[in-house]
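Work through these exercises with the structure in view. Try each task before you read its solution.

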Amino acid sequence: MRQSIKKQQGHAALLFALIIPAMWGFFTIAIDGSRAIQTKARLGDATEAAALALAAKNSTNLTQNKALAEDYVEAYLPDVDISIPKVSRTECRVSDGRECEGASRYAQYDIDVSIKQDPWLPVGNDFVGFKDTYEVTHASTARKYQGDSIDIAFVMDYSGSMNDRWQGKPKYKHVRD
């Protein structure tokens, strides 16, 4: 029995030396991978909020729209390299719903956002894990529907003179017409 124990000396150290790099690789991917997933979710929230803000502002100035979108993304994800390659506005002005995809008039804002982020545990090309930086992207769309305007006039008659006839019918009917 003693001889079999002596034959196995050093095996534990050898197994430990072989397993540690693989465990470090899994640990690195787990930490930075979960951070990348969280960053993707936060970027999605930021992009959705930016698209809704653009639709609420409803501006045709693309420079101001891009600045507003950058402000929203910066508020959600500070200290990252933000790139917004696309902020576009399209609209349908026809009041006939068949020509506006079955809806009333609208202005639509499309936004694409890309960020570059450094991993917490960067590794070189020789090992498992994220490289020096990784890129996360998201796109969003928001529409602002615009109804047809209606002119409304309220007429109040305290004296009852609108019941008097003028050109053959009561005055209030002339106002209504």
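**Exercise 1. Is Glu91 buried, partly exposed or exposed?**

Step 1. Note what kind of model this is. It is predicted, so local features need pLDDT of at least 70, side-chain atom pairs count only at pLDDT 80 or more, and totals for chains, interfaces and linings use all residues. Residues are numbered from 1 along each chain as its sequence is written, and side-chain values use heavy atoms, with hydrogens and water left out.

Step 2. Recall the cut-offs. Buried means under 20% relative accessible area, exposed means over 50%, and partly exposed lies in between (1.4 Å probe, protein chains only).

Step 3. Apply them. Glu91 has a relative accessible area of 35%, so Glu91 is partly exposed.

Step 4. Find the partner of Glu91. Its side chain meets that of Arg89 in a salt bridge, at 2.6 Å from N to O. A salt bridge is a side-chain nitrogen of Lys or Arg within 4 Å of a carboxyl oxygen of Asp or Glu. The structure holds one salt bridge.

**Exercise 2. Describe the chain as a whole.**

Step 1. Count the elements. The chain has four helices and five strands. Helices (H or I, at least four residues) and strands (E, at least two) are DSSP runs, numbered from the N terminus.

Step 2. Read their order. Along the sequence the pattern is α-α-α-β-β-β-β-β-α.

Step 3. Look at burial. The chain has 177 residues, and 27% of them count as buried.

Step 4. Check confidence. pLDDT is the predictor's confidence in each residue, from 0 to 100. The chain averages 82, and 84% of the residues score at least 70. Confidence is lowest in helix α1 (residues 2-7), with a mean of 63, and highest in α3, at 92. Where pLDDT is low, the predicted coordinates should not be read in detail.

**Exercise 3. Find which residues form the nonpolar surface patch.**

Step 1. Set the rule. A patch takes residues with over 30% relative accessible area and no salt bridge; like charges are joined within 9 Å, and nonpolar side chains (Val, Leu, Ile, Met, Phe, Trp, Tyr) within 5 Å.

Step 2. List the members. They are Leu14, Leu15, Phe16, Leu18, Ile19, Ile20 and Met23. Together they have about 720 Å² of accessible area. Such areas come from the Shrake-Rupley method with a 1.4 Å probe; for residues, only the protein chains shown count as cover.

Step 3. Ile20 sits in helix α2 (residues 11-57). With a relative accessible area of 36%, Ile20 is partly exposed.
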